[in-house]
Amino acid sequence: MDLTNPSDPPPDYITAARAHGIPLRQSAPIKRGPLPLELPILTHLRDKRVILASASPRRRALLAQIGLHNPEVIPCTEPENLDKNALGPEAYVAATARKKCLHVYEAVLKETEEGKEDPTVVIAADTIIATRDGKILEKPKSHADHIKMLTHLRDTRYHRVLTAVCVMSPKEDASHPGYEIAAHVEDTKVYFAQEDDGLPDDVIESYVRTREGADKAGGYALQGVGGMVLVEKVEGSVDNVIGLPVRKCLQLCEQVVFKQGIEDGGSDGE
C-alpha cells in the first residue's frame, strides 16, 4: 500500500504505525470466557444425553454456565394438580419435581425403544413461593394478579422460595426399578423492601408493566431491575431463587450416575 497516495483507503492504526517505524507494545491477549469446570461428573456428561425436564431458560442458562451447554429440553406436559394445602410447601414442591422427572423419563424410554440413545440423566425441578404462614402462592396470570402478589410479598416483609431438584439415571444392572433417583429441596428466604423504604405501589406497578411474563417464581430477586428495586436481601442459595440449586444438582447427578445403590442422607435414592 502506498501511504502517500490519497486514492488508497486510509490504513488502520497498526499498519500506519508500522509503516512509520513507530514501536508498538504487545497487545493484551484476547479475553475468553471461563473454561468449563473439569469435574468428573461434568466431563462424563458432556458427550452424553442429558435431558432437562423444564422449558425454563434460566435453568438451561445455569447448566450452560457450568459446562453443560446443550441439554435436551423436554418439558413435562403433566398438569401440576397436586393438593397444595394437604401437602404443604416442602412436600408439594418435592412431589411436583419428582412427578415431572418420572413423566419425562418414561416418555424418553419409549423413544429409546425406537433406537434413540438412552439418557444418562434426566434433571427436573420445580420452584414455588411460600408466604410466612406457609401458604403457596399461585403463579399470577395477569398484570393485576402480578401486582397483587408482589404487593402482598412486600407487605409481609419476607417470603420463602423453595426449589426441588430431582435427578434420574438408568441403572447399570437390570434391577427393579431400573433407575436411580435422588432429590433435594432448597429453601431460600427473600426479604422485600418496605413501602416507606422506597417501594410504594406505583413502583411495583411500573415493575410489572416492564417485566410482565417473567420472574414469577422468585427470580425477580436477582434479575435486572428487580433485585435493586424490590428486594432488600436474600438469605440462602442465590441460584435457588433463579430455579436450580447448581451445587446440589451436580451432587445428585454424581450420586445417580457414579454411586448407584449407595445411600446418601441428603437424597432419596431408590
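**Close-up 1. The lining of the second largest pocket has 6 charged residues, along with 3 nonpolar and 1 polar.** This view, like the others here, comes from a predicted model. Look for the charged residues Lys-135, Glu-138, Lys-139, Lys-141, Asp-145 and Lys-148 around the pocket.

**Close-up 2. Helices α6 and α7 pack against each other at an angle of about 135 degrees.** Helix α6 covers residues 143-155, helix α7 covers residues 201-211, and their axes lie 9 Å apart. Angles over 145 degrees would count as roughly antiparallel and 65 to 115 as roughly perpendicular, so α6 and α7 are oblique to each other. Their crossing is right-handed.

**Close-up 3. Here are the residues where α6 and α7 meet.** From α6 come His-143, His-146, Ile-147, Leu-150, Thr-151 and Arg-154. Their partners in α7 are Asp-201, Ile-204, Glu-205, Tyr-207, Val-208 and Arg-209. Sorted by class, this contact has 5 nonpolar, 3 polar and 4 charged residues.

**Close-up 4. Searching the whole structure turns up 1 cavity of 30 Å³ or more.** How much space lies in the largest cavity? About 30 Å³. Its lining is made by Ala-94, Ala-97, Arg-98, Ala-164, Val-165, Cys-166, Ala-183, His-184 and Val-185. Helix α5 (89-112) and the strands β4 (158-170) and β5 (179-192) each give two or more residues to this lining. By class, the lining residues of the largest cavity divide into 7 nonpolar, 1 polar and 1 charged.

Technical notes:
Residues numbered from 1 in each chain as written. Predicted model: local features only at pLDDT ≥ 70, side-chain atom pairs only at ≥ 80, totals over all residues. Heavy atoms only, no water. Axes fitted to C-alpha atoms, helices over the stretch in contact; angles between N-to-C directions. Helix = DSSP H or I, 4+ residues; strand = E, 2+ residues; numbered from the N terminus. Parallel < 35°, antiparallel > 145°, perpendicular 65-115°, else oblique. Left-handed = near helix turned anticlockwise from the far one by under 90°. Contact = heavy atoms within 4.5 Å. Nonpolar A, V, L, I, M, F, W, Y, C, P; charged D, E, K, R; others polar. 1 Å grid on protein atoms, 1.4 Å probe; cavity = no way out; pocket = protein on both sides within 12 Å on 5 of 7 lines; lining within 4 Å. Points joined across faces, edges and corners; volume = space filled by probe spheres on them.
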